[in-house]
2 protein chains.
Amino acid sequence: MQAKTITVKLGKHCYDIIIGPNLITQAALHIKHSLQHNDFHQMRLAIVTDTNVASIHLNTLQAELIKNKINIVPIIVEAGEQSKSFSTLQIVINEILAARLERGDCVIAFGGGVIGDLAGFAASIIRRGMNFIQIPTTLLAQIDSSVGGKTGINSQYGKNLIGAFYQPQCVISDTCILDTLPLREFRAGYAEIVKYGLINQPNFFEWLEKNGREIFSNGPIRTKAIVRSCQFKTAIVAQDEHETGERALLNLGHTFGHMLETATTYDSKRLIHGEAVAIGMVLAHQFSAQLNLINSTLIYRIEAHLKAVGLPTQLKDIPGNLPDAEALMALLTQDKKVSQNNLTFILTRGLGQSFIAKNVPPDAVLSFLKQKLTEIR
Amino acid sequence: MQAKTITVKLGKHCYDIIIGPNLITQAALHIKHSLQHNDFHQMRLAIVTDTNVASIHLNTLQAELIKNKINIVPIIVEAGEQSKSFSTLQIVINEILAARLERGDCVIAFGGGVIGDLAGFAASIIRRGMNFIQIPTTLLAQIDSSVGGKTGINSQYGKNLIGAFYQPQCVISDTCILDTLPLREFRAGYAEIVKYGLINQPNFFEWLEKNGREIFSNGPIRTKAIVRSCQFKTAIVAQDEHETGERALLNLGHTFGHMLETATTYDSKRLIHGEAVAIGMVLAHQFSAQLNLINSTLIYRIEAHLKAVGLPTQLKDIPGNLPDAEALMALLTQDKKVSQNNLTFILTRGLGQSFIAKNVPPDAVLSFLKQKLTEIR
């Protein structure tokens, strides 16, 4: 099967997302093409990756690059959300500066969303901006976090509160690499594919209901789902790169989702990002129903599809206790999507009819959260 | 005397630099005008300043803002270059997040270049970009560092190696505030005014030879020099915001200057930035003469003017010992303006005829440095 290329145009930036099987073993070609560097033998690539990805895939990527006489500086951080921290950022930056990489050299993010966010943010602020390439290794990163240029780290005050908008020179998504992804991680990525259907692509959601399980095994359906997802996301991002308007639609399920991730202290044993989004999307639909925007039938349909692939859909699916409704509200209002204490949610008027709801009354949210918590106690 | 306004247009960004006497006491007006916020009573301003500025001027600015019912969060850091650090950046960011400032709120840099670089960088990465206003309180900041959008911090590997290009919503330059600036700081700022003449404004350099001493006392000549300097800089920056080409001209005196600052470990007792630039500009002209680009007469003329206002011009003006030539070369090649080991310098072909010289032979630099060091031993 041939690789597919999506060209992303964002203002002055223009870059390719290349999607297909076995791209790791052709990485040098795509890197050289996208960087158009004068002299690749003088160039240095910092490969930022995590302990998990390094143990399975780093040798393959290194061998491909060394074969093509590209100098590499591997930087391996601990796997997990805790690496999106100020201290790990500082370590990565220092290793890149210690290796004397220059503006025209390149940082490669070789990993999932955490690595993409961390390495991309580092690339954006070293020498006020170095070259940057993403080689995402999780489904979530391939269909979501590697697309659109958001990078950043977490703060004690909330997720992704420190970061930059920074576009890569290219994204290389090897669909075969997903075969080594734990099933739970694969499902979590799948939740964000479903999200695109629920935002504004009802036909795509129906296609997922029929073909979704096929995506879990490698083949043309998986590639198609990744290509379509990247197209949906780039279409939204191209309209609103810096999230002043429509891009907020991509936060469907994320306001509640981030609240739950914070409430479970980013403990991946309890909840990972895509799972939080799955529950968050159901909550957004339930909240829309409570505001009489949709009929409950739609909620059941969405829950049914998420459950069919093994995703959690309810608060009771989260192991352990949750804070009370007031504490959850406090977490919501620290989310960066909150503007001047006026709560903004992505709600929906039907399948694939999501919209940005500003000035949602805090009382309505609080009573909704109370009701949801009552159901699990 | 009326304030002057320069409108800076950089791509999608457009903002005003307002220059004139007693602007601090009209700050609320200019802030409101530039931010065009819906509701100023709901808005919060983080004022990032240093211990020196806070002790003299913070009360005045606070009184003006409080009188206009603007909520403020003062954040005071230690005065000095050491505050351009990862640890101080983290403190500033945490204080801003702890006060729950949002994207539409604003960070004000109230201080010199260190504060502008630190607060601007913080504003650029908090929530992927907050509003940002500069109120520069040093001559150097008013005529150079507040203009052009460079922000950042230092690393153990060199100066300004971590940062972002980030434009403010406006710059408010109160010319009266400079009367409280120590003379040594004023002179250091003056060196960067001279730099604009030496880059490409020979008439301005001649005007400075006649009027330079007037700038040291408050009045229309001072305002004119600041306005002209900002105009020269914005003209260059507008052509090349992200320093891929002509903007590098602004580094006249800076490659040697940064080398000297690093060699003296940013010890302000020995050398401050503008002093390093003054010596660096003389070195750039001497090196140009060594390469047979200019006649020595021009060097003496420039040295004479810098000396006339009390600036250092030679390596022997730096108290204490300097490293040997090989060690100085090592510092030069870590400078971020170095591209792929090909040394780039700003050299000159005459008064106000500077140009970007790429691929300068390292041997020529080394022998020049050896010769300069011999002269002081």
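Reader: Leaving aside its neighbours within four places in sequence, which residues is Asp117(A) in contact with?

Author: The model is a predicted one. Contact here means heavy atoms within 4.5 Å. By that rule, Asp117(A) contacts Lys84(A), Lys150(A), Thr151(A), Gly152(A) and Asn160(A), once neighbours within four places in sequence are set aside.

Reader: Where is the place of Asp117(A) in chain A, and is Asp117(A) buried or exposed?

Author: Asp117(A) lies in helix α4, which covers residues 113-125 of chain A. A residue is called buried under 20% relative accessible area. Asp117(A) has 10% and is therefore buried.

Reader: At which residues does UniProt place the feature "binding site"?

Author: The unreviewed UniProt entry places this feature at Gly113(A), Val114(A), Ile115(A), Gly116(A), Asp117(A), Thr137(A), Thr138(A), Lys150(A) and Lys159(A).

Reader: Where is Thr137(A) found, and which residues does Thr137(A) touch, not counting those up to four places away in sequence?

Author: Thr137(A) sits in the loop of chain A between β6 (131-136) and α5 (139-145). With a relative accessible area of 5%, Thr137(A) is buried. Beyond residues up to four places away in sequence, Thr137(A) touches Val53(A), Phe110(A), Gly111(A), Gly112(A), Ile177(A), Leu178(A) and Leu181(A).

Reader: What rotation superposes chain A on chain B?

Author: Two copies of a chain are related by a rotation about an axis and a shift along it. Here a rotation of 180° with 0.0 Å of shift along its axis superposes chain A on chain B, with an RMSD of 0.0 Å. The two copies are thus related as by a two-fold rotation axis.

Reader: Why may one say that the copies meet through the same surface?

Author: Because 100% of the interface residues of chain A are also interface residues in chain B.

Key. Residues are numbered from 1 along each chain as its sequence is written. Chains are lettered from A and ligands numbered from 1 in the order in which they are written. This is a predicted model: local features need pLDDT of at least 70, side-chain atom pairs count only at pLDDT 80 or more; totals for chains, interfaces and linings use all residues. Side-chain values use heavy atoms; hydrogens and water are left out. UniProt positions are given in the numbering used here, feature names are shortened, and annotations may be inferred rather than shown by experiment. Helices (H or I, at least four residues) and strands (E, at least two) are DSSP runs, numbered from the N terminus. Buried means under 20% relative accessible area, exposed over 50%, partly exposed in between (1.4 Å probe, protein chains only). Copies are superposed by least squares on the C-alpha atoms of residues with pLDDT of at least 70 in both.
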